[in-house]
Amino acid sequence: SLTAELPGMTEADLKIDVADGQVTIAAANDSRAYHGTFDAPASLTRDALTVSLRNGILDLFADIRGAE
């Protein structure tokens with residue numbers, strides 16, 4: 001799991017991509033921008049992620065059962 005503070009962001013501002021063993025989180029609005037890339041199992045897919053963004057706190061959970 002991953003928790004990040006993204007003050008002022010909404011789910012509409014958030015973009016999460018999974019490719020080549022990396023999770024990329026980007027969020028931007030008129031006043032702020034955030035970007036981060038994190039290593040993940042190569043078999044992880046976007047469908048295996050559960051994302052919650054409440055009050056500027058992003059919680060990202062990955063179901064990696066069976067992932068290499």
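I began with the largest pocket, which 13 residues line, and found Leu-2, Val-23, Asp-39, Leu-60 and Ala-62 nearest its centre. For my own reference: on a 1 Å grid over the protein atoms alone, a pocket is an open set of points with protein on both sides within 12 Å along at least five of seven lines, and lining residues have an atom within 4 Å of a point.

I noted that strand S4 (33-39) and S6 each give two or more residues to this lining. S6 gives the most, with 3 residues. Strands here are DSSP runs (E, at least two residues), numbered from the N terminus.

I sorted the lining and got 11 nonpolar residues, 1 polar and 1 charged. The volume came to about 180 Å³, taken as the space filled by probe spheres set on the points.

A word on the source: this is a predicted model, where local features need pLDDT of at least 70, side-chain atom pairs count only at pLDDT 80 or more, and totals for chains, interfaces and linings use all residues. Residues are numbered from 1 along each chain as its sequence is written, and side-chain values use heavy atoms, without hydrogens and water.

Next I looked up the sheet. It is open, with 3 strands in the order S1-S6-S5 and antiparallel pairing; two strands pair if DSSP finds at least two bridges between them. S1 (2-5) and S5 (49-54) are the edge strands with a single partner each, so one side of each has no neighbour in the sheet.

I then followed S1 to S6 (residues 57-62) and found 4 bridges joining them. Ala-4 stands opposite Leu-58 in S6.

Conventions:
1 Å grid on protein atoms, 1.4 Å probe; cavity = no way out; pocket = protein on both sides within 12 Å on 5 of 7 lines; lining within 4 Å. Nonpolar A, V, L, I, M, F, W, Y, C, P; charged D, E, K, R; others polar.
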